[in-house]
Amino acid sequence: MTTDTATEVFEEHRPVLTGVAYRMLGRVADAEDVVQEAWLRWSAADRTDVREPRAYLVRVTTRLALDRLRQIRSRNEAYVGPWLPEPYVTDFGDTVPDSAERAVLADSVSLAVLVVLESLSPLERAVFVLREAFGFPYADIAATLERSEAAVRQLAGRARKHVDERRPRYAVDPAERRDLTERFLAAAAEGDLAGLMSLLAPDARLVGDSGGLAKAPVRVLESADKVARFLHGVAGPGLVGAEIRFMELNGGPAVVVVTGGKVDSVLQLDVVDGRVQCVYIVRNPNKLLSLEVGP
């Protein structure tokens, strides 16, 4: 395999490698670092006996991501306030033509699922990502993790049970979610407390991630009343002079607030039965660097 061919093969599989790394780590920068390290190892390796480049590259990427995940875990112990994954652009385009596969990939990268994945062990998380999001056979996952297939099946069962018990059970039409997001944003911007209350589920929650670097609640707000009153107090003044854009992030519509040409915050909603179940707000500037906003 020539150098040019090796580059072409790697670039062909880069989207999958980045997808695996991001779901493992929850940060775009860390995922990109892992994929870059995978490229360096691939380019320097003896590829003579590599019959399945995709499996080989996923194996390398997963092992690198596991090492990075253990480092991140210790780093996150000192994190200020609630933690959320870094917003991730998920415009699958023509790379995922099958609608069912697209739905699985979108769900596996949603904020709700990624938050649950944080509570899994590194090995459980790796197994869940490879099996549930990308459909790898148990035998391949076992080879990747250097575990027996029986052990991998046990890890998969525990991880799936844990995630199923904690992630929201709903299927929301993207158009409905976008419409509710627009109405929710309008009510917040207009200071319409009654309008906000009408859109929130009674047990709604608000999770704000600032890392201590921007203004956001230092604890999760619980109940529609607390969420609505918080947004009523800060949204109107906070949106003055700001530009509002919509992007597809983490598999669904998200509101991107731009001030002074830079992304100030990202808001995304979890919707259940036509009402807002959870409001996610990312304001940590270090988690917004990867979002490109042109003029």
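Mentor: Happy to. One term before we start: two strands pair if DSSP finds at least two bridges between them. Keep in mind as well that this is a predicted model.

Trainee: Got it. In what sense do β4 and β5 pair, and over how many bridges?

Mentor: Strand β4, residues 252–259, pairs with β5 in the antiparallel sense, over 5 bridges. Within that pairing, T259 stands opposite K262 of β5.

Trainee: And which residue has a positive phi in the hairpin of β4 and β5?

Mentor: That's G260, with phi near 60 degrees. The hairpin has 2 residues between the strands.

Trainee: What about the other neighbour, how many bridges join β5 to β6?

Mentor: There are 7 bridges between β5 and β6, the latter covering residues 275–282, and the two run antiparallel.

Trainee: Which residue has the positive phi in the hairpin of β5 and β6?

Mentor: D273 does, and that hairpin also has 2 residues between its strands. Phi of D273 is near 55 degrees, a positive value in a residue other than glycine.

Trainee: Is D273 buried or exposed?

Mentor: D273 has a relative accessible area of 76%, so it counts as exposed. Its place is the loop between β5 and β6.

Trainee: And β5 itself, is it mostly covered or mostly open?

Mentor: Mostly covered: of the 11 residues in β5 (262–272), 8 are buried.

Trainee: Let's zoom out. What is the strand order in the sheet?

Mentor: The order is β2-β1-β6-β5-β4-β3, making an open sheet of 6 strands with mixed pairing. β2 (221–222) and β3 (243–249) stand at the edges with a single partner strand each, so one side of each has no neighbour in the sheet.

Trainee: Which helix packs on the sheet?

Mentor: Helix α9, residues 174–189, packs on the sheet and touches β1 (200–209), β3, β4, β5 and β6. The direction of α9 makes about 120 degrees with that of β5.

Trainee: While we're still around the sheet, where is S223?

Mentor: S223 sits in the loop between β2 and α11 (224–239). It's another one for your backbone checks: phi of S223 is near 105 degrees, a positive value in a residue other than glycine. S223 is partly exposed, at a relative accessible area of 24%.

Trainee: Okay, helices now. At what angle do α6 and α7 pack?

Mentor: Helix α6 (122–133) and helix α7 (138–145) pack at about 145 degrees, with axes 10 Å apart. Their crossing is right-handed.

Trainee: Which residues meet there?

Mentor: From α6 you have L123, A126, V127, L130 and R131, and from α7 Y138, I141, T144 and L145. By class, that contact has 7 nonpolar, 1 polar and 1 charged residues.

Trainee: How do α6 and α8 cross?

Mentor: The axes of α6 and α8 (residues 149–166) come within 8 Å and cross at roughly 85 degrees. Angles of 65 to 115 degrees count as roughly perpendicular, and α6 and α8 are therefore in that class.

Trainee: Which residues make the contact?

Mentor: On the α6 side, L123, E124, V127, F128 and E132; on the α8 side, V152, L155, A156, R158, A159, R160 and V163. The contact of α6 with α8 divides into 8 nonpolar, no polar and 4 charged residues.

Trainee: Last one: what does V20 touch?

Mentor: Leaving out residues up to four places away in sequence, V20 touches T62, V129, L130 and F134. V20 lies in helix α1, residues 3–25, and is 110 residues from L130 along the chain, yet their C-alpha atoms are separated by 7.2 Å.

Trainee: So why does V20 count as buried?

Mentor: Because its relative accessibility is 1%, and buried means under 20%.

Technical notes:
Residues are numbered from 1 along each chain as its sequence is written. This is a predicted model: local features need pLDDT of at least 70, side-chain atom pairs count only at pLDDT 80 or more; totals for chains, interfaces and linings use all residues. Side-chain values use heavy atoms; hydrogens and water are left out. Buried means under 20% relative accessible area, exposed over 50%, partly exposed in between (1.4 Å probe, protein chains only). Helices (H or I, at least four residues) and strands (E, at least two) are DSSP runs, numbered from the N terminus. Contact means heavy atoms within 4.5 Å. Axes are lines fitted to C-alpha atoms, for helices over the stretch in contact, and angles run from 0 to 180 degrees between N-to-C directions. A crossing is left-handed if the near helix is turned anticlockwise from the far one by less than a right angle, and right-handed if clockwise. Ala, Val, Leu, Ile, Met, Phe, Trp, Tyr, Cys and Pro count as nonpolar, Asp, Glu, Lys and Arg as charged, and the others, Gly among them, as polar. Angles under 35 degrees count as roughly parallel, over 145 as roughly antiparallel, 65 to 115 as roughly perpendicular and the rest as oblique.
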